[in-house]
Every structure is written in structure tokens, then in C-alpha cells.
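Please read the following report alongside the sequence and the coordinates. The text takes up surface features, charged pairs, strands and a pocket in turn.

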Amino acid sequence: ELGFQLAKTLNGNSKITSITILQDEACNDEKEPFKSYATDIPDVKIIKANLSDESMTVDSLQSILGEDASFEYVWDNASKKPEGAGKAILDC
């Protein structure tokens, strides 16, 4: 819910040129807020990945995001400590 609301707010700002949500693939697309992604934030890029994968590395995450992808700001509201996917997000 927090990521959805943040993306929705940022999406309304003309100074923001792109928004990407890295979404855990375990989400239920039939439940809110996930089912509203397409209608409420259609311009936001949603990339799904197994965020519970403790073996995820910078290289595997970069491959998921796109080899040339880069981000100015990252807001992570899922990781509890810098391990696995959480560490890969920090290092990427």
C-alpha cells in the first residue's frame, strides 16, 4: 500500500519523468492495491521479482531491472535487513 500511494503521488508530479515499482511476485493481483496498478498508475512501470530470494545478487537484480537501468532514488519499504534481495537493492 505504501509503495502504491507513493507512486500515485509521484506520478502526479510533472518533474518526475519515470517511476518503477519492484514488486514481489508473491503479491495477489486480485487484491488491492495490486489490482489497481493498471487503472490508477498506468504510467508506472511494474517489475515483478522473487524478493524473498536470499540468493539474489546485484547482477541478478540488474538483469531483472534491465542491464542499462539506473535510478536516482530508491525507496524500499520491504527489506528488513541488508541480505538477499534487500542487499542486492542497496548495492544495485
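## Surface, salt bridges and pocket

Leu-2 is exposed, with a relative accessible area of 54%, a value that places this residue in the exposed class because that class begins over 50%. The model discussed here is a predicted one. Leu-2 belongs to helix H1, which covers residues 2-11, and together with Leu-6 and Trp-75 it makes a nonpolar surface patch of about 310 Å².

Helix H1 also contains Asn-11, a residue that is partly exposed at a relative accessible area of 30%. Between the C-alpha atoms of Asn-11 and Asp-29 there is a separation of 21 Å, although the two residues are 18 apart along the chain.

**Charged pairs**

Side chains of opposite charge can pair when their charged atoms come close.

| Salt bridge | N to O distance | Relative accessible areas |
|---|---|---|
| Lys-8 and Asp-40 | 3.8 Å | Lys-8 37%, Asp-40 34% |
| Asp-29 and Lys-48 | 2.5 Å | Asp-29 39%, Lys-48 36% |
| Lys-87 and Asp-91 | 2.7 Å | Lys-87 38%, Asp-91 41% |

The side chains of Lys-8 and Asp-40 meet at 3.8 Å, N to O, and this pair links distant parts of the chain, with Lys-8 in helix H1 and Asp-40 in helix H2 (residues 37-40), 32 residues apart. For this pair, Lys-8 is partly exposed, and Asp-40 is likewise partly exposed.

Asp-29 and Lys-48 form a salt bridge at 2.5 Å, N to O, and here too distant parts of the chain are linked, since Asp-29 lies in the loop between E1 and H2 while Lys-48 lies in strand E2, 19 residues apart. Asp-29 counts as partly exposed at 39% relative accessibility, and Lys-48 counts as partly exposed at 36%.

The side chains of Lys-87 and Asp-91 meet at 2.7 Å, N to O; both residues lie in helix H4 (residues 84-91), four residues apart, which corresponds to about one turn of the helix. Lys-87 is partly exposed, and Asp-91 is also counted as partly exposed.

**Strands**

Strand E1, spanning residues 20-24, has a covered face made of Ile-21 and Gln-23, whereas Thr-20, Leu-22 and Asp-24 make its uncovered face. E1 is joined by five bridges to strand E2 (residues 45-49), and the two strands run parallel. Within this pairing, Ile-21, which is on the covered face of E1, has Ile-46 of E2 as its bridge partner.

**The largest pocket**

The space in the largest pocket comes to about 1400 Å³. Its lining is made by 43 residues, and those that lie nearest the centre are Thr-20, Leu-22, Tyr-73, Val-74 and Trp-75. Two or more lining residues come from each of H1, E1, helix H3 (58-65) and H4, and H1 gives the most, with six residues.

Several residues named earlier return in this setting.

Methods. Residues are numbered from 1 along each chain as its sequence is written. This is a predicted model: local features need pLDDT of at least 70, side-chain atom pairs count only at pLDDT 80 or more; totals for chains, interfaces and linings use all residues. Side-chain values use heavy atoms; hydrogens and water are left out. Buried means under 20% relative accessible area, exposed over 50%, partly exposed in between (1.4 Å probe, protein chains only). Two strands pair if DSSP finds at least two bridges between them. Patches are made of residues with over 30% relative accessible area and no salt bridge: like charges are joined within 9 Å, nonpolar side chains (Val, Leu, Ile, Met, Phe, Trp, Tyr) within 5 Å. Accessible areas come from the Shrake-Rupley method with a 1.4 Å probe; for residues, only the protein chains shown count as cover. A salt bridge is a side-chain nitrogen of Lys or Arg within 4 Å of a carboxyl oxygen of Asp or Glu. On a 1 Å grid over the protein atoms alone, a cavity is a set of points where a 1.4 Å probe fits but cannot get out, and a pocket is an open set with protein on both sides within 12 Å along at least five of seven lines; lining residues have an atom within 4 Å of a point. Grid points are joined across faces, edges and corners, and a volume is the space filled by probe spheres set on the points.
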